[in-house]
Amino acid sequence: MSSSPRRRLLAYFARRPAAGSWALLTPGLLWLAAFFAVPLVVLLAYSVMHRGTYWGVAPGFTLEHYRRFLDPLYLAIAWRTLWIALATTGLCLVLSYPVAYVIARAGRWRNILLFLVILPFWTSFLIRTYAIIVLLRGGGVVNSTLMGLGLTSAPLELLYTPGAVLAGLVYGYLPFMVLPIYASLERLDLDLVDAAEVLGARAFARFRRVILPLSLPGVAAGSLLVFIPSLGAFLTPDLLGGAKTMMLGNLVQNQFGPARNWPFGAAVSFALMGVVMVGLLAWLRVRDAEAAA
Amino acid sequence: MTRRLSPLLVALVGGIFLVLHLPVLVLVLYSFNSSRFAASWSGFTLHWYARLLERPDILRALRLSLTVATLSTLVATLLGTLLALGLSRRPFRGRRLIEGGLYLPIVTPEIVAGISLLILFVALRVPLGVGTVIVAHVAFTTPFVAVVVLARLRGMDRSLEEAALALGADEVTAFRRITLPLLAPGILAGALLAFTLSLDDFVITFFVAGPGSTTLPVLVYSMVRRGVEPTINAVSAVLVVLTTGTIALASRLGGTRGA
Amino acid sequence: MTETPPIVEFRRVSKSFGDSRAVDRVSFSVRRGEFFSLLGPSGCGKTTTLRLLAGFETPDPDGGEVRIDGEVVNVRRPYERRIGMVFQSYALFPHLSVERNIAFGLEEHRVPRTEIPGRVERALGLVRLAPATFARRRPHQLSGGQRQRVALARALVLDPAILLLDEPLGALDLQLRKEMQLELKTLNRELGMTFVYVTHDQEEALAMSDRIAVMSAARVAQVGTPADIYENPRTEFVAGFIGEANLFDGQAGKRGSGEATPWTVTAADGARFGVPDHPGIQEGAGVRIAVRPEWLDLFEPGAVPAGENALPGTVRDIVYLGETMHVVVTMSDGRLVRVALRNEGQLLNPLRWRRGDTVVVAWRPEDCQVLDPE
């Protein structure tokens with residue numbers, strides 16, 4: 001039998017269930033507050049302060065750093081970031097849907113195929129990005145193959161283009177799209193597809209009218225899971241994009257680094273955070289709607 | 001019931017799988033290429049692996065990466081599991097907010113998380129080093145552990161715990177003998193995720209690491225920046241084999257427990 | 001019965017999945033307008049048989065044929081067969097309203113847009129759902145019984161020649177199930193539509209069907225009217241699956257002459273009983289017979305009417321079932337026999353048997369059902 005202080009403690013928490021929950025939550029929440037939330041608040045504060053003479057910030061309040069964002073130079077970067085993120089999402093969707101569909105119908109091959117989809121995800125992102133460099137660079141595999149086949153006579157400029165960044169992001173985030181679509185297709189009641197067939201629907205109509213609409217929650221979740229990290233990408237455009245394909249993430253690094261304009265860098269960070277937050281809220285809604293269905 | 005798939009679709013998906021795995025396969029292949037200039041194959045060699053052994057900085061970085069990943073995983077697994085347990089009990093005011101808030105660190109761009117942490121450390125004059133790297137890794141991996149463990153908890157049959165209580169166990173005993181064993185695969189999965197995320201992280205580490213605390217990704221990054229060279233291929237191949245092996249082993253262990 | 005060709009015909013149809021045979025050389029035919037049930041325990045192959053008829057599965061290529069209206073349809077797609085189907089899970093499209101669910105098939109059959117609302121409304125009327133209330137609801141806003149009706153309306157609106165129903169009432173509670181049984185029967189009669197109905201519930205099959213195919217272990221064990229199946233079961237499986245049956249074993253003696261029950265069978269304990277003629281019986285060979293509990297009667301030793309088969313036993317238990325009383329008797333060889341007696345009202349006319357009484361179980365020889373060896 002247990003000692004009585006333990007019983008008394010349990011009785012205490014039984015009377016105050018919330019206290020028990022908070023006792024469990026406190027250590028983790030404290031850590032996240034100190035090393036995630038507080039830094040963000042400091043960054044937010046920096047974004048409305050004056051620029052320091054050499055680096056850092058000087059006291060005062062201003063919104064000029066947010067206004068500065070309207071400069072065509074920066075708007076162009078924001079625009080590029082947006083379309084690259086959208087294009088990444090679209091490409092991932094087009095590639096992932098058939099993959100997810102085949103896996104969901106693959107019977108006993110299913111687990112092996114799922115493993116193959118997730119496998120690259122466990123390989124270092126940095127190394128996968130480097131692998132793209134090896135493929136795309138001037139003397140790389142793609143160019144030498146093209147020239148070997150006689151399709152091109154000189155190496156194409158493949159690296160340091162928006163296309164290279166796109167390739168890197170799609171390659172990096174594809175599993176995030178495949179898995180939620182697979183989950184929604186796997187849950188799909190096959191009787192519904194059969195019912196549509198008895199009612200006269202040919203293969204394409206079955207897909208368009210039954211399978212696709214019922215997998216939309218998975219599509220939405222996957223799209224957000226790809227879109228959000230693409231928006232904040234730093235490493236991929238840094239290594240594959242070069243100076244001409246700068247995205248917002250690189251702009252942030254640039255302002256804290258060589259440009260030495262910390263408040264502007266902070267302001268760009270929060271512009272980015274704003275869009276990401278919208279994405280997060282959308283994702284939570286999709287998830288809750290799906291859980292309720 | 002399995003329905004037949006159109007061969008065209010299967011071929012298309014096969015092609016996608018091929019493209020998905022081609023880059024890393026090429027990388028591993030070229031780590032055995034005796035030519036310095038990766039594009040042309042000029043024979044098999046282990047030369048680049050031998051070169052690895054002559055590079056104490058690479059070995060040091062690998063050892064540091066493993067140390068950081070191990071320590072931060074231990075702390076993050078503990079904190080994350082406690083968070084999940086706190087959130088899985090009966091509802092209380094603010095629970096949804098906290099749960100939603102857990103996703104914030106997950107979706108925050110790493111560059112923002114890394115730089116904000118850097119300015120905090122600079123403002124507080126904390127010397128950058130292994131300590132700051134571990135602190136940062138715990139902060140960004142804890143929410144992942146919490147989410148994975150929480151999902152497992154939600155999928156668990158709570159009546160098992162109630163059955164234990166009805167059989168005379170108190171809450172602590174019921175947790176230790178029923179909940180914890182059932183939760184173990186989830187905790188293991190969360191820890192594994194934390195470990196690989198930490199081992200893999202470049203962006204956050206890049207900002208909070210000091211001169212003496214170069215992890216392997218940071219070192220590889222600087223090598224890549226300097227230019228493509230076959231030693232990186234060899235490092236990559238070693239890392240690929242290492243992580244894939246860990247995952248295969250872990251999923252086998254997890255599989256036998258019915259995870 | 002006049003000679004109309006069967007609307008559905010199975011000729012030695014088999015279906016294998018990998019190494020296992022779900023349906024094994026099954027043959028039967030369904031007449032036009034008939035309510036035909038496929039009855040059997042789970043895993044007996046009845047659902048696969050229905051899916052073969054629907055066109056979701058293709059028969060093994062071993063010469064077996066599925067015919068509809070005399071035409072071989074082995075490889076025809078479901079939408080080329082003029083069938084409707086009601087699924088066990090109802091399979092209502094969760095993202096579409098009730099009216100859009102019902103309109104789905106009309107749209108796929110390119111029915112003119114202007115005709116659709118009227119036909120949807122008529123279909124809802126057929127299953128007695130008020131269009132004003134239900135048309136715009138989503139499936140998850142309906143009760144189980146209402147979903148069932150919508151699923152039925154969705155199948156009926158296309159006016160199929162054959163309606164396939166896969167355990168459609170399985171998920172409903174008893175009260176609702178009885179109500180829907182009657183309605184389905186009425187629809188079958190009034191629409192003149194052929195119904196092929198899959199169920200594992202023997203009472204349901206007896207109550208609704210014109211004819212039943214009893215399936216067991218991938219094969220058809222017996223096809224017949226409910227009365228055929230119940231009163232003249234051919235195998236031990238059919239006797240035991242539909243209703244209750246007491247089994248008696250013995251060895252056939254010499255064939256007597258002229259009478260309705262020419263065979264005398266001797267049980268292992270030496271008891272003898274008369275058995276009607278049956279092509280399966282051979283002199284000296286083993287015989288197994290089934291007798292329904294309600295065809296048995298109980299007597300005090302020595303009081304058995306002349307000419308009846310009689311076996312001694314001891315009352316072990318008395319079970320009150322409402323309409324009937326079951327008296328469980330332990331026979332001299334240790335086996336249990338159930339005797340059903342009409343309940344005359346236990347308060348006013350209590351049963352005269354008590355536990356431990358020595359009794360004789362008796363029945364008329366012509367009530368023996370001789371079973372085929374399986």
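Strands here are DSSP runs (E, at least two residues) and helices are DSSP runs too (H or I, at least four residues), numbered from the N terminus. Two strands pair if DSSP finds at least two bridges between them.

This is a predicted model, in which local features need pLDDT of at least 70 and side-chain atom pairs count only at pLDDT 80 or more, while totals for chains, interfaces and linings use all residues. Residues are numbered from 1 along each chain as its sequence is written, and chains are lettered from A and ligands numbered from 1 in the order in which they are written.

**The sheet in chain C**

- Five strands of chain C make an open, antiparallel sheet, in the order β15-β19-β16-β17-β18.
- At the edges sit β15 (297-299) and β18 (336-342) of chain C, each pairing on one side only.

**Around β17(C)**

- β16 (residues 309-320) of chain C runs antiparallel to β17(C), with seven bridges joining them; C:V319 has C:H326 as its bridge partner.
- Three residues lie between β16(C) and β17(C) in their hairpin, where C:G322 takes a positive phi near 95 degrees.
- Seven bridges also link β17 (residues 324-331) of chain C to β18(C), again antiparallel.
- C:H326 has C:A340 in β18(C) as its bridge partner, and C:V329 stands opposite C:V337 in β18(C).

**Where chain A meets chain C**

- 14 residues of chain A are in contact with 17 of chain C (C-beta atoms, placed from the backbone, within 7 Å).
- On chain A's side, α9 (190-198) and α10 (203-231) each supply at least two residues, and α9(A) gives the most, with six.

Technical notes. Two residues are in contact if their C-beta atoms, placed from the backbone, lie within 7 Å.
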